[in-house]
Amino acid sequence: TTLRVYSPRDSRILEYDPAGDRTRLTPEGGDLEIAAPVGNLALRAAGEVAIEGGTVAVRSRSGIALAVEDGAGAARSVLRLEGGTVRLAAPALDIATRQASLKAEEARYTGRSLLAELASLRLVAGRVETLARTVVEKTCNLYRNVEGLLETRAGRVRSLVAGTYHLNARDAVVRAERDVDLDGEKIRLG
């Protein structure tokens, strides 16, 4: 038999169905409050715990932690909200979205490698500084427009051009402390 508890207004408050192995609590006024003003409150289930609502609010005075544990009870993925900080720790992070926006006064990435595959990239910055041991660029075409000075400081400079090397300038100055070599089938001056 199913056990049912009704309110004075003949509204079902509690239902226990042993055949279906289910207990359902439905307050008459629509609101339900479970409180432990002095102690702790624990919800435990062997299976899924589902919380559904038009709006779900979780509030805390000190912090909120969501964790996924392994079989031994050690946390594998953890999301913590503590004070003004959000911390996420996991072996892998996968974000899939159509559009994303990040606004930060300062952002920092630290890692062993970074791979970005983009159809288009536009970088607008007041200053760009690159510090690297080796930089390798491979492209079909490269265009640079510099309104002021373009300066290269190097120990050695070597240009290998398969086709024509063309230099066009209003004035050109070539200075060498030692030798200047020009080698070609024909050298035209003037």
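Welcome to a predicted model, in which local features need pLDDT of at least 70 and side-chain atom pairs count only at pLDDT 80 or more, while totals for chains, interfaces and linings use all residues. Residues are numbered from 1 along each chain as its sequence is written, and side-chain values use heavy atoms, with hydrogens and water left out.

**The chain as a whole**

- The protein chain has 0 helices and 6 strands; helices (H or I, at least four residues) and strands (E, at least two) are DSSP runs, numbered from the N terminus.
- The C-alpha trace spans about 110 × 35 × 30 Å along its principal axes.
- Of the 190 residues in the protein chain, 2% are buried; buried means under 20% relative accessible area, exposed over 50%, and partly exposed in between (1.4 Å probe, protein chains only).
- Among contacts between residues at least 6 apart in sequence, 0% join residues at least 24 apart; a contact means heavy atoms within 4.5 Å.

**The sheet of S1, S2 and S3**

- Three strands make an open, antiparallel sheet in the order S1-S2-S3; two strands pair if DSSP finds at least two bridges between them.
- S1 and S3 are the edge strands, each with a single partner strand, so one side of each is left without a neighbour in the sheet.
- Neighbouring strands in this sheet are turned by 5° against each other on average, direction ignored. The axes behind that value are lines fitted to C-alpha atoms, for helices over the stretch in contact, and angles run from 0 to 180 degrees between N-to-C directions.
- Strand S1 (residues 3–6) pairs with S2 over 4 bridges in the antiparallel sense. Leu 3 has Tyr 16 as its bridge partner in S2, and Tyr 6 stands opposite Arg 12 in S2.
- S2 also pairs with strand S3 (residues 22–25), again antiparallel and over 4 bridges. Leu 14 is found opposite Leu 25 in S3.

**Two turns to look at**

- S1 and S2 form a hairpin with 5 residues between them. Asp 10 sits in the loop between these strands and has a positive phi of about 65° although it is not a glycine.
- Asp 10 is exposed, with a relative accessible area of 61%.
- The hairpin of S2 and S3 has 4 residues between the strands. Asp 21 lies in that loop and has a positive phi of about 55°, although it too is not a glycine.
- Asp 21 counts as exposed, at 66% relative accessibility.
- For background, most residues other than glycine have a negative phi.

**A closer look at Glu 15**

- Glu 15 lies in strand S2 (residues 12–17).
- Glu 15 is buried, with a relative accessible area of 17%.
- The side chains of Glu 15 and Arg 4 are joined by a polar contact of 2.9 Å. A polar contact is a pair of N or O atoms within 3.5 Å; within protein, one must be able to donate a hydrogen and the other to accept it, and residues adjacent in sequence count only if both atoms are side-chain atoms.
- Not counting residues up to four places away in sequence, Glu 15 touches Thr 2, Leu 3, Arg 4, Arg 22, Thr 23 and Arg 24.

**The sheet of S4, S5 and S6**

- Three strands form another open sheet with antiparallel pairing, in the order S4-S5-S6.
- Strand S4 (63–69) and strand S6 (85–89) stand at its edges, each with a single partner strand, so one side of each has no neighbour in the sheet.
- Neighbouring strands here are turned by 5° against each other on average, direction ignored.
- S4 and strand S5 (residues 75–82) run antiparallel and are joined by 7 bridges. Ile 64 stands opposite Leu 81 in S5.
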